[in-house]
Amino acid sequence: ENREEMLSSKSNRLTEALEEANKLFEKVCRAREAALDAQFLVLASNLGKEKANELHSEMTSFDSATFAEDLLTLMGINRIEAEENDSEPGGFLPRDAWQKVGEEALKYFRRAPTFHYMLGSFKSDPPVAKQRIERQKKASRGEAKQIMPAQLKKMEESHEEATEKEVERILGILQTLFENDPDTPISFFDFVIDPNSFARTVENMFHVSFLIRDGLAELRLDDDKLPVIEPTKSRKVGEENRGPGARKQVVMSLTQEEWK
Amino acid sequence: ELVQFLLVKDQKKIPIKRADMLKNVIREYRDAYMEIVSQAGRILQETFGLQLVEIDPKLHSYILISSLPCAEANHPCRAKEKEKMGLLIVILSFIFMKGNAVKDSALWEFLRWLRVHPGEQHEIFGDVQKLVTEEFVRQKYLKITPIPLMDPPQFSYQWGPRAAQETSKEDILNFVAKVQGKNPKFWTSQHNEATA
């Protein structure tokens, strides 16, 4: 009944109850009473176990208040005297408060670094070839086929085509820009960066990478060591992939901060 | 290919399901699944120093962790990530030091001292309650279970399987010790538990 009271570490109620039970037991002469006594013992021992657990956590002397104080110190809290209209009593937390904790925290984790944008495509098949196959499949769709595969194929096609179309569109833009000014290659960053959208910028870089991979555009460094891009001047077929425009792999990283 | 898939999927730190791997990458090579996965694991280990760990044997989901010992400061890491890790380590520390499980009321009461409040938008964390109870849980850093027979319902917060993989009780105790400028042995029972 008086569970909470018994659990409180300051209380000796449990001990008192046990002592009382002991005294009573001496007077017992019937089996029924002994059974009751046994029942009581079970209850008492359960309570005892819980009480011991509570005691355990008190004895480990971990004080969360002090921990919090020390964390605030780590964060660089400015413990100035509270002013009249101060909304935060006790001090002012700097902007990088949590970054400071995070910096320390990383030392204690074996976290896989998050992979940021990588230049390059995940598809191993050249998009051009695949599209041809899909066009053929489209033509033969008149034949009897199961509904499911046809639907799935359709979804994949639109995904493929969307990328393909974007790439073509960008090639078109590049060529147009270049027509107007044939001798000046365009600054790569001017070409891909969308001042209003980081995501769009990344997408642009992704599409440009297709052009480069397929040999339709070239990227090189100009005199200022800045990357510039230009469409490849028409060469004999077959030379594109193996010519002096040797293919190199470049990994470009662009963080949101850098983009800003 | 699987390697690239895993690296990109890992960005959000949500465990990667085997079903996704099969559907998106392995596809027709289903039968060689085990071979492919272990091959990918080898490449991840040797080239990137990353370990592919099966975090849920029933659902067959995996996470990537670093197999290199924790390097010193200056991890290449975005500010947002650092801030979240800061909050996370504070929560994990609190849970461990308090005996490996805490009631939600106790945790949020503690976080209040650090100017983090469940109902409010936090300047840095935004919807902090969502971050803790949803994102951290989905990433398997925390495990939140309802306490039976409680009305109004209360929850127990514990370490999740990813936390157990990426860090250890000993590491967290060392963090607490560092913050408080004390020797980890100061907390005897936690120290015993951590070094058992």
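Start with B:Asn100, which sits in the loop between helix 4 and strand 4 (102-103) of chain B. Helices (H or I, at least four residues) and strands (E, at least two) are DSSP runs, numbered from the N terminus. One caution: this is a predicted model, where local features need pLDDT of at least 70, side-chain atom pairs count only at pLDDT 80 or more, and totals for chains, interfaces and linings use all residues. Residues are numbered from 1 along each chain as its sequence is written, chains are lettered from A and ligands numbered from 1 in the order written, and side-chain values use heavy atoms, with hydrogens and water left out.

Back to B:Asn100. Its phi is positive, about 80°, although it is not a glycine. It is partly exposed, at 24% relative accessibility. Buried means under 20% relative accessible area, exposed over 50%, partly exposed in between (1.4 Å probe, protein chains only).

Next, B:Arg115. This residue is in the loop between helix 5 (104-113) and strand 5 of chain B. B:Arg115 counts as buried, at 14%.

What does B:His122 touch? Leaving out residues up to four places away in sequence, the list is A:Trp98, B:Arg115, B:Val116 and B:Val128. Contact means heavy atoms within 4.5 Å. B:His122 lies in strand 5 (residues 121-122) of chain B. It is buried, at 15%.

Last, helix 8 (residues 169-180) of chain B. Its buried residues include B:Ile172, B:Leu173 and B:Phe175. They pack against elements including helix 4 (64-75) and helix 5 (97-105) of chain A. Just after the helix, B:Gly181 takes a positive phi of about 65°.
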